[in-house]
Amino acid sequence: MKNNLLTEQLVYNGESRTKTHIHLIAYTRETVHETVCDNFTDEISKADPAAKLWIRVHGLEDTECINALCTHFGIDFLVVQDILNVNHPSKVEEYDKFNFLVSRIFEGDRITQIRLIQGGNFVMSFTDNESTLLNDVQQALQHNVLKIRTRASDYLFSVMINDLVSNYISVAMSIGDDLDDLETELIAASDNRDIGGRLQIHRRRYMELKRTIIPLKDQYPRLLHTDSTLIHAANKPFFNDVNDHLLNGTQLIDSCRETLSSLMDLYVSNNDLRMNDIMKRLTIVSTIFIPLTFLVGVWGMNFKYMPELEWEHGYITAWIVMVAVGIAAYLIFKTKKWR
C-alpha cells in the first residue's frame, strides 16, 4: 500500500468498471422525487430546501465526480480516499458533521463494496457495482413504511445498516446449511473426492464474511454511545435493534467456524480411514501371494535332482497346492473378520 498521507491524488483501486452515476432521492413527509443525474449540483439546487436527501452513487471510477460530491457536503479528503479504497476493512467512524461506515455486500459470488455517510439531513451510499440490496429501502421510502419519510436521516441510516446486517445473516445461514449438507455426506461415507474443494470454497466465503462483520461488530457500539446530535434519542432504539441483529450474525459466524473446523477434521479422518482400508486390502492380497511366491521360487530352482520334477502329476499337484494355500489364507483372514 502507498502512503495515502503523501498524495493528493484520488485513485479507485477496484476492478469494477461500472460507470459512475448518481441517483438523487429527495423526500419530504408528502413526496419522494428521484433523479438520475450527472451534474448533481444543479439537481440539488432544484430540490426542496426542506427535503431530506439520499444520494445513491453506483460506480466509483469517476474519482473527480466522487470528490466533487463529497466536497459539496463537507466530507474530509481522507474519507474520500477510504470510499475509493476497496481493500479497506469494515469500520464505523464519527465526525463532527457526519457518520461514516465502510462495509461490503455479498451478492452470490460477487462482493460489492459499500460506504454509507449520514449527515444532518442527508444520507449518501456508495457502491462500486450496481447493487439491488438497498432497493427495499427505496421502496420503503416510496410507500412511507413506518413513516420513514417523517423521521430524521439517522433512521434511514439505521435501516440501511440493518439491511447490510440482514445480508450477512442470510449469507451465514446459507453457509451453515451447505455445511450441514456436507456433514451428512461425510457421515454417510459417500464418495467425497470433491468435498475438500467445496469445503475450501465455503472456508473462503466464511473468511470474507468474518473480515466484514467482526470489525463492524466491534466498532458499531460507537453509534450507540455517541453524544453526537446526528443520532437522535428517539431513534436510538432502532440502532440498538440493529446491534442485536449484528450480534446474532456474529454468533452465526462463530457457529460456521466451529462447523468448518469439525468438518475439516472429519474429512481428514475419512481420508485416513479410506487410506487405511486401501492399505489393508493391499496387505491382504500381498500376504496371500507370499506363500505362493515361495512355492514358485522353490519349484523354479534349476537343480538337476529335484524329485518333484520327474513326477507325472507334478504340474497339477503344484496348482492344487497353490490354490489350497491361497484359499486357506483367505479363509483365515475372513475368520478374523478382515475385509
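Which residue forms a salt bridge with Arg104? The partner is Glu208, and the closest N and O atoms of the two are 2.9 Å apart. A salt bridge here is a side-chain nitrogen of Lys or Arg within 4 Å of a carboxyl oxygen of Asp or Glu.

Before going on, a word about the model. It is predicted, so local features need pLDDT of at least 70 and side-chain atom pairs count only at pLDDT 80 or more, while totals for chains, interfaces and linings use all residues. Residues are numbered from 1 along each chain as its sequence is written, and side-chain values use heavy atoms, with hydrogens and water left out.

**Salt bridges**

The structure holds ten salt bridges. Helices (H or I, at least four residues) and strands (E, at least two) are DSSP runs, numbered from the N terminus.

| Pair | N to O distance |
|---|---|
| Arg104 and Glu208 | 2.9 Å |
| Glu185 and Arg198 | 3.0 Å |
| Asp218 and Lys217 | 3.3 Å |

Glu185 and Arg198 meet in a salt bridge; this pair also links distant parts of the chain, Glu185 being in helix H5 and Arg198 in helix H6, 13 residues apart.

How open are these residues? Buried means under 20% relative accessible area, exposed over 50%, and partly exposed in between (1.4 Å probe, protein chains only). Arg104 counts as buried at 14%, whereas Glu208 is partly exposed at 23%. Glu185, at 25%, is partly exposed, and Arg198 is partly exposed at 27%.

**A hairpin**

Strand S5 (residues 99-107) runs antiparallel to strand S4 (residues 91-94), and four bridges join them. Two strands pair if DSSP finds at least two bridges between them. S4 and S5 form a hairpin with four residues between them. Glu93 has Phe100 in S5 as its bridge partner, and Glu93 is also linked with Asp82 and Lys91 in a network of salt bridges.

**The loop between H4 and H5**

Leu146 lies in the loop between helix H4 (135-143) and H5, and Lys147 has its place in the loop between H4 and H5. Most residues other than glycine have a negative phi. Yet phi of Leu146 is near 55°, a positive value, and phi of Lys147 is near 55°, also positive. Leu146 is exposed at 58% relative accessibility, and Lys147 is exposed at 56%.
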